[in-house]
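Please keep the sequence and the coordinates at hand while reading.

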Amino acid sequence: MADNTVKTPMLDELEKGKWPSFVKEIKMAAKKSPMAQDLLGQLEQSYNEKIGHWKHGGIVGVMGYGGGVIGRYSDLPDKFPNVSHFHTIRINHPSGWFYTSKALRTLCDIWERHGSGLTNMHGSTGDIIFLGTSTPHLEPIFSELTKEGFDLGGSGSDVRTPSCCVGPARCEWACYDTLALTYDLTMSFQDELHRPAFPYKYKFKMSGCPNDCVASIARSDMSIIGTWRDSIQVNKDAVLEYASKGMNIQKDIVENCPAKCMEWDGKELHIENSYCRRCMHCINIMPKALRPGKDRGATVLIGAKAPIIEGALLSSVLFPFIKIEPPYKQIKDVVAKIWDVWSEEGKNRERIGEFIQRVGLGNFLEAIEVEPVAEMVAHPRENPYVFYEEYFEEDEGEEEEK
Amino acid sequence: MAKTAEEIADVIFNMVKEATGLKKLKATDLTKAVIELHPDVDKQLCKDAIKILMNSGRCVYTYFGGSYIELPHRESAAND
Ligand code: SF4
Ligand code: SF4
């Protein structure tokens, strides 16, 4: 074990300032975890040499599963034997990240028994992340976790752990039950989550309203974002109250509406709902006066990703509005078709957004049997969503008649 | 006669074994190859067969930029 009084002048720099420091946390863990002590030693060496000392392990996991464990080995195992193995475990978090303190204690106790004690709550996909354990501990951790009702999350070319905003549990803007849909998709796609069978990862993220607190539009292959299709609910008295308390409704709300579909005459707020883009701006500014409409559901979008092979993509509209109600048949049916086409034709490491760009939205829609609609146009004159075949056929027919 | 998941598991196992050291195969590669060989077999049966191989430990999932199906082995990055 590395000497726990080892000097870490480079890492100490990262403890300075007002913000939380991962170095401080690792040092705290190092008081009782030999793994955390060696982690400090290896990190200090990496900062000095400007070289990472981790090797990727591609084969560790638990029996039967192809996801949930990310293998890491130190390339300095003689110097830092306690981090010779330093695998990461992803654990499926509860929808909306709601825990009892007992559940958190249970997780931490398991982790202190079998790993470094260091956690990341939560990883960018949403999972609970346990940082640093060795291969012999993987099966015991898995068995203790499952006994307590937890399971591993996704990694590799599979469905990644679905995640959602807190939705109706805490937020009045939720246009559908994000927690229920997330739980249902997680349970329905257990096989796809644990047994990688796709060209690459597939992420679902559920946001209850267009505020999109889980940034699903930027971070998920399928973004399901709550919206409404009737009119914004307006409490006229509450609007007047905001105005009387000094809110500049013209400047702060009307002039910032991206659709320019609002009018304010000093007494009444008029919204032309057919032009409203459901951006939530006005509702966020006057929460007591405005609410989403009553006919609620979600917009389903597809294809967001961070840059890897191609640049970053935001997801674009697949269904402008659908009702989100159990058993969520419309979503599951289209997902099955998407996975079929993508698994058949997708290239290795090609995300669904990149696949759509390669084959063209028109061909993709045809393959998944979804009719094109105007809302799918991300940029006017860009999306090749119009099918010309029928016009060509007509022309050819006309020529023959001549 | 219709094939069982166990029989398809053996077919897949042999494909993986033959490809060892030459090519890493993904679940989709194996499914396509099985269906080409046995057109009456569907994707679900291939899925069940892969599950059998994984649950018995005859094959393992590996990750090298993407997820593959391989025979269990000691990887070169591993420390003892
Ligand atoms: S996305 Fe909307 S519903 Fe969900 S927490 Fe944020 S504001 Fe609330
Ligand atoms: S939700 Fe957005 S687009 Fe609609 S009226 Fe309010 S500010 Fe305008």
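How many salt bridges does the rule find across the interface of chain A and chain B? With a salt bridge defined as a side-chain nitrogen of Lys or Arg within 4 Å of a carboxyl oxygen of Asp or Glu, the rule finds 4 between chain A and chain B. The model is predicted, so local features need pLDDT of at least 70 and side-chain atom pairs count only at pLDDT 80 or more, while totals for chains, interfaces and linings use all residues. Residues are numbered from 1 along each chain as its sequence is written, chains are lettered from A and ligands numbered from 1 in the order in which they are written, and side-chain values use heavy atoms, with hydrogens and water left out.

One salt bridge pairs Lys47(B) with Glu192(A), at 2.9 Å from N to O. On the side of chain A that touches chain B, at least two residues each come from β1 (54-57), β2 (69-74), α7 (190-194) and α12 (329-345) of chain A. Here helices (H or I, at least four residues) and strands (E, at least two) are DSSP runs, numbered from the N terminus. By class, this side of chain A has 11 nonpolar, 13 polar and 7 charged residues; Ala, Val, Leu, Ile, Met, Phe, Trp, Tyr, Cys and Pro count as nonpolar, Asp, Glu, Lys and Arg as charged, and the others, Gly among them, as polar.

The extent of the interface can be stated in several ways. In terms of contact (heavy atoms within 4.5 Å), 31 residues of chain A meet 26 residues of chain B. The buried area, meaning the accessible area (1.4 Å probe) that two parts lose on being put together, summed over both, is about 2,300 Å² between chain A and chain B, and carbon and sulfur atoms give 48% of that area. There are also 19 residue pairs in polar contact between the two chains, both residues being at pLDDT 80 or more. A polar contact is a pair of N or O atoms within 3.5 Å; within protein, one must be able to donate a hydrogen and the other to accept it, and residues adjacent in sequence count only if both atoms are side-chain atoms.

Chain B itself comprises 3 helices and 2 strands, in the order α-α-α-β-β from the N terminus on. Its radius of gyration, 13 Å, is close to the 12 Å that the globule rule gives for 80 residues, so chain B is as compact as a globular protein of that length. This radius is taken over C-alpha atoms, and the globule rule is 2.2 Å times the number of residues to the power 0.38. The C-alpha trace of chain B spans about 45 × 20 × 20 Å along its principal axes. Of the 80 residues in chain B, 48% are buried, where buried means under 20% relative accessible area, exposed over 50%, and partly exposed in between (1.4 Å probe, protein chains only).

Most residues other than glycine have a negative phi, and most peptide bonds are trans. A cis peptide bond, however, joins Met121(A) and His122(A), with omega about 10°; His122(A) lies in the loop between β4 (118-121) and β5 (128-131). Another cis peptide bond joins Pro326(A) and Pro327(A), with omega about 5°, and Pro327(A) is in the loop between β14 (316-322) and α12. Lys260(A), not a glycine, has a positive phi of about 50°. This lysine, Lys260(A), sits in the loop between α10 (249-253) and β10 (262-264) and counts as exposed at 58% relative accessibility.

Over all chains, the structure holds 24 salt bridges. One of them joins Glu144(A) and Arg113(A) at 2.6 Å, N to O. Glu144(A) lies in helix α5 (residues 135-147) and Arg113(A) in helix α4 (residues 101-114) of chain A, so the pair ties together parts that are 31 residues apart in sequence. Arg358(A) forms a salt bridge with Glu350(A), the closest N and O atoms being 2.7 Å apart. In that pair, Arg358(A) is partly exposed at 40% relative accessibility, whereas Glu350(A) is buried at 7%. Salt bridges with shared partners also join Asp12(A), Glu15(A) and Lys27(A) into one network.
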